[in-house]
Amino acid sequence: MVKIIDYRTRSNDQGKEFNVLIVQGGVEPIKSRTTGKVYFSTRTASVPSTFDEDTCNQLIGTSFEGKVAKVPCEPYDYTFKETGETVELLFRYEYVNEELDMTERHLIPEEKVL
């Protein structure tokens with residue numbers, strides 16, 4: 001399950017504004033590579049929407065099926081706000097709904113049906 005915890009307004013390449021919903025997955029244990037100790041964290045991801053600000057605000061707190069998964073991507077630099085340290089990342093967090101993915105994989109394209 002994921003929960004909508006916030007929203008943000010962003011701009012596309014043409015300068016047009018749109019809203020993204022910030023979704024958060026469940027609590028998960030993670031083992032520190034540095035200390036070897038376990039701590040708890042959650043993953044968050046932003047998902048584009050077609051909703052206006054009022055609708056996004058009303059959706060905060062809504063839960064639904066899916067998870068936030070670690071997905072490989074092209075390398076990019078990320079700067080930690082707290083420390084100013086910049087690191088290169090090879091992944092991003094993305095909302096995943098396996099039920100939707102399965103349905104899409106099993107659909108037959110219309111041109112093949114005709």
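Let us begin with Asp-6, which is partly exposed at a relative accessible area of 28%; here buried means under 20%, exposed over 50% and partly exposed in between, with a 1.4 Å probe and protein chains only. The model is predicted, so local features need pLDDT of at least 70 and side-chain atom pairs count only at pLDDT 80 or more, while totals for chains, interfaces and linings use all residues. Residues are numbered from 1 along each chain as its sequence is written, and side-chain values use heavy atoms, leaving out hydrogens and water.

**Salt bridges**

Side chains of opposite charge can pair when their charged atoms come close. A salt bridge is a side-chain nitrogen of Lys or Arg within 4 Å of a carboxyl oxygen of Asp or Glu. The whole structure holds four salt bridges, including those in this table.

| Pair | N to O distance |
|---|---|
| Asp-6 and Arg-8 | 2.8 Å |
| Lys-67 and Glu-98 | 3.2 Å |
| Glu-94 and Arg-92 | 2.6 Å |

Lys-67 lies in strand β7 and Glu-98 in helix α2 (residues 98–106), so this pair ties together parts that are 31 residues apart in sequence. Helices (H or I, at least four residues) and strands (E, at least two) are DSSP runs, numbered from the N terminus. Arg-8 is partly exposed at 41% relative accessibility, and Lys-67 is also partly exposed, at 41%. Glu-94 is partly exposed with a relative accessible area of 30%, as is Arg-92 with 36%.

**Strands and their partners**

Strand β1 (residues 2–11) runs antiparallel to β6 and is joined to it by two bridges, with Val-2 opposite Phe-64. Eight bridges link β1 and β2, again in the antiparallel sense, and Lys-3 faces Gln-24 of β2. The hairpin of β1 and β2 has five residues between the strands, and there Gly-15 takes a positive phi near 85°.

Another antiparallel pair is strand β7 (residues 67–79) with strand β8 (residues 86–96), over 10 bridges. Val-68 has Tyr-95 in β8 as its bridge partner. Six residues lie between the strands of this hairpin, in which Gly-84 takes a positive phi near 80°.

Key:
Two strands pair if DSSP finds at least two bridges between them.
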